Amino acid sequence: MHLRGKATYENWEEFWEKGYSSPYFKAQYDETSEKTDWSLSERQLFTQSNGRTLLGQDTMGRLHFMCTPHSKIYAVPSGGTNVGGQFNGHIGQYYQNDTALLLGKMHYELEMNNGLFLDAVNKKSETEYMDYFLPVTRTIYPELETKVFSMAPVLEKEAAATSDIHPLPGPAGACYSIEIKNTSGCTLEGKLRLSFEQKFVNQFEHYGKRFEDYAVNPYHSEWDQKLLILWHPEACAAIQLLGSICEGEASNPRIYVPFCLKPGESRVFTTVIALAAQRNEIHANLGILYQHTTLEWLNVTSAFWRERLGEIYSNIRENREMGEKYSDMHVRFILDNFNCLSFDEYGNLLTNWQGAPSHSLSRLWGIDIEPDVVSVMYAVPEVGPKAIEYLLERNTPRYSLYDDHSMFFYIAPLLIAGKYLELTGNEKYFQENSDVVEGLERVYRGMLAHKHEKRVLFSSRYASDLIVFKKYDYGANVQCYYALKAYIAVEELLGKEPREARDFLKQMPKDMAETMEGEGPFGRQITGGNNLGENLDDRFYISEKLYYYGGEDTATVLAPLYGLYEFDYQPYVNLHRFARSMFITNYDPEFQTMRELHFGMNPSATGCTLKLGGSYTRKEMLNTLQVMYDRLDETGSLFWWPRAYNKKRCLTRCSQGQGAWVQQSVEQWYGLRMDGLKQRLTIKPQGLLTEYHLNKIHLGNFCFTIIYEEKEEQTYFKVINHNKVEIQIDFFVRPFGAAVEGKLKHICVSVNPEEAIEETVETERFEAEEFSVVKTECTCLADQGMIFSPYGIVMPKLYTGICGTFLLRFVVSHMGEKPLEEVEIELEVPNRWKAATKKFYYWDYQPIFVDSKTVSVIEKVPGCTHTVAGFYVNLPDELVGDEKSVMLSEHPFPQSRNGKMKDVTLYIEGDKSEEIGTLKAVLRIKGEEVQSYLLPVEVLEHKEYMQKYDEMYHGI
């Protein structure tokens with residue numbers, strides 16, 4: 001084998017036997033997905049990247065797409081009027097580069113000499129990741145077995161480096177391969193045919209539209225000796241099935257390899273594809289790909305990820321499978337987020353996709369890049385400086401109405417710099433790059449330009465595509481707090497004295513507590529932010545009266561990890577109780593997470609990470625982890641808007657949520673917090689995992705083997721230091737059964753290079769006291785011991801765009817010890833409307849409507865839970881509208897314990913204002929009516945409706 005050192009896999013059989021395969025994340029062909037997932041970003045794809053080329057293989061074994069970025073970075077409109085141009089932009093989008101994307105849907109077929117014609121993959125085939133990164137589709141026929149796989153390889157670490165982040169990125173190309181094994185008992189002969197579509201997509205932002213409609217043909221297709229060249233001014237692909245016979249016109253080629261396999265024999269065939277923006281880049285990338293066989297490239301790429309990721313075993317004593325799945329999810333999220341980063345051949349960052357592939361190709365999304373890069377830095381820390389340098393030039397939009405457009409985006413270079421220092425201790429980078437330090441100092445001064453006159457609080461207009469709700473937003477200021485810490489660390493290592501920043505850092509927690517905390521239904525809690533009496537007249541922010549927690553706020557939950565306070569800080573605990581209650585306006589008990597905005601909109605996957613991160617007891621943690629598992633798709637990825645068990649892949653992979661969760665996973669659940677400058681490792685698991693074995697795990701530049709085991713009377717840990725320096729270890733031990741609660745024991749030890757330290761600490765048993773959110777709700781708000789009410793403000797629609805079907809759902813809860821049985825809710829809607837029952841957390845692409853009356857049957861309603869009765873309501877044609885056109889006049893629930901349930905009206909946007917009747921819901925138990933709910937319905941003409949909408953959004 002043409003590799004230095006011993007290869008991990010000497011042959012393919014060894015790889016198939018010993019390579020890691022998750023028992024939890026596999027997929028077969030999904031016909032519904034094939035027909036309904038029009039956006040490339042929502043398709044059932046197993047993705048892989050080498051930092052240069054991103055590819056996706058589908059469950060039919062097709063190399064569905066591959067793409068390589070252009071090097072030109074340009075600004076896009078960041079908000080403002082959509083003038084109807086070729087492309088538009090949103091508030092949180094600043095820059096992008098185009099991409100050369102081959103939508104080839106490349107696949108293999110077998111033409112046997114006996115007359116049998118077989119697709120290499122069929123609808124019963126199974127697709128998975130091998131060794132976490134390699135998409136593989138397995139197929140079994142009576143006479144043969146196939147394995148189809150796609151790989152964009154990284155470079156050999158011993159190769160001549162052309163990049164600052166060598167061995168990344170890999171070449172602009174990929175290998176698309178198939179192994180055929182003869183299981184017939186006799187010799188098989190035939191031809192392996194390669195087929196694909198000659199289609200490019202270079203610039204795309206149309207979420208929800210069929211991706212193929214925006215594909216273009218090559219300007220020119222030609223044979224160049226052994227290569228088929230597809231050329232377009234924006235893309236060029238060179239395709240070669242190695243050892244093939246090529247016939248026909250280049251625009252309609254016949255490409256095949258004859259084969260003869262003896263009984264039991266197997267053989268691997270490979271197609272090499274180079275893909276670049278320009279024709280003159282093709283040969284340089286082919287020159288790299290031709291260096292090795294596919295098995296050799298597999299060894300190179302697998303060794304890279306094995307070294308960076310280590311070996312991870314996790315366990316949860318109540319459920320071993322949950323622990324094993326946890327390890328797989330942790331690695332999947334890191335790799336998914338690595339796939340979002342695109343570099344040029346020299347290692348310069350070109351963009352950060354919002355999920356890979358994204359619904360807006362190769363476009364930078366503001367709030368995603370920092371959690372994305374941080375999550376990757378645990379395994380690949382060298383991406384940190386590249387992201388800092390990229391962002392120092394692009395952390396503000398080209399044009400905005402506001403100087404404080406997005407504090408989240410603006411301070412991202414400081415946040416990444418701070419985490420990079422923690423994970424590497426690399427002082428040299430900052431000492432030798434004065435332009436970077438000057439840039440970070442400029443960011444600090446820019447923060448001060450938006451500091452409150454008297455308080456150490458910083459303003460912002462937007463998070464990403466959403467307003468921050470209040471001028472001094474809690475999540476934004478959590479990040480500003482860490483940005484101050486990062487700035488101080490950089491200045492100190494350069495020998496400077498950042499006294500002003502120190503004073504700000506000391507004062508900031510006090511100012512946040514005084515202005516952003518208040519009494520809530522569960523006690524004193526974080527309120528979400530404060531306008532401090534400013535900007536009230538321009539009606540940009542929401543009312544001071546409203547407590548909120550945005551479903552996309554992944555900053556607030558990190559406050560304890562940033563050192564603002566501990567996880568048992570009561571206002572923080574109560575905020576997260578508030579966030580899973582009906583007291584907050586955007587909690588959705590069917591989706592079991594918060595929706596994006598204070599009035600609703602999409603169910604956010606980031607809400608899962610917030611809910612888990614803010615859990616207080618182990619029972620809460622385990623329940624929420626299961627909710628998160630239920631939202632993962634078959635590949636193990638978490639998408640932005642998981643709407644149902646059968647509709648998880650909505651929008652794109654949630655790089656923001658996955659990134660923030662990786663930081664939680666490493667630092668909160670594994671409890672590993674590295675301080676590279678002080679060469680100190682804190683081990684402080686917060687209760688979710690009860691055992692883990694991490695073999696040569698990387699925390700940035702640092703490498704450890706760590707064993708952690710909780711038992712009823714003792715906790716054991718062992719650390720092997722695989723670094724060249726002595727490491728101080730701070731180990732915190734919880735009582736057995738505790739999570740956030742309980743008194744910690746602290747042990748401080750040091751471990752020399754390549755030595756081990758182990759300790760056993762005696763523990764006492766802790767009996768957790770579970771807190772019931774629903775019990776509090778029922779105590780305050782129940783009518784005859786029960787809550788029965790619609791919820792939310794803006795009603796979700798069946799699909800985006802103009803739509804006449806909306807979701808109307810009722811929450812039913814009680815605090816009795818026994819479940820209520822034989823429960824049904826009958827819904828009757830006004831004349832000419834129609835209603836249909838909606839199953840819990842299930843999505844009907846087209847509900848069947850029969851009448852204006854329907855019944856939702858619920859077998860049991862357990863005590864102290866939110867049970868949901870869901871309905872689809874179809875409006876007459878004259879009331880069809882966009883996603884904001886149906887809403888309740890306000891959230892029916894109060895925000896305090898002393899408040900009362902509110903009488904609300906259902907508003908519909910229409911051409912003229914009129915009252916059109918009442919919607920009636922009846923709750924029956926064992927056939928007997930227990931409660932009824934009358935919901936008046938008003939149609940408001942457009943101007944009046946938008947006035948009501950504005951009053952709801954911003955407050956009267």
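How many nonpolar, polar and charged residues does the lining of the largest pocket have? The legends below take up this question and others for a predicted model.

**View 1. The lining of the largest pocket by residue class.** The lining has 18 nonpolar, 17 polar and 10 charged residues.

**View 2. The centre of the largest pocket.** In total, 45 residues line this pocket. Those nearest its centre are His-90, Asp-465, Leu-466, Trp-641 and Glu-883.

**View 3. Helices and strands in the lining of the largest pocket.** Two helices, α6 (366–377) and α19 (942–954), each supply at least two lining residues. The strands β31 (593–597) and β32 (600–603) also supply at least two residues each. The largest share comes from α19, with 4 residues.

**View 4. The packing of α5 and α6.** Helix α6, which supplies residues to the pocket lining, also packs with helix α5 (residues 320–339). The axes of the two helices are 9 Å apart, and the packing angle is about 120 degrees. Because the angle between them has this value, α5 is oblique to α6. The crossing of α5 past α6 is left-handed.

**View 5. Residues in the contact of α5 with α6.** On the α5 side, the contact is made by Ile-334, Asn-337 and Phe-338. On the α6 side, these residues meet Pro-371, Asp-372, Ser-375 and Val-376. By class, the contact residues divide into 4 nonpolar, 2 polar and 1 charged.

Definitions and conventions. Residues are numbered from 1 along each chain as its sequence is written. This is a predicted model: local features need pLDDT of at least 70, side-chain atom pairs count only at pLDDT 80 or more; totals for chains, interfaces and linings use all residues. Side-chain values use heavy atoms; hydrogens and water are left out. On a 1 Å grid over the protein atoms alone, a cavity is a set of points where a 1.4 Å probe fits but cannot get out, and a pocket is an open set with protein on both sides within 12 Å along at least five of seven lines; lining residues have an atom within 4 Å of a point. Ala, Val, Leu, Ile, Met, Phe, Trp, Tyr, Cys and Pro count as nonpolar, Asp, Glu, Lys and Arg as charged, and the others, Gly among them, as polar. Axes are lines fitted to C-alpha atoms, for helices over the stretch in contact, and angles run from 0 to 180 degrees between N-to-C directions. Angles under 35 degrees count as roughly parallel, over 145 as roughly antiparallel, 65 to 115 as roughly perpendicular and the rest as oblique. A crossing is left-handed if the near helix is turned anticlockwise from the far one by less than a right angle, and right-handed if clockwise. Contact means heavy atoms within 4.5 Å.
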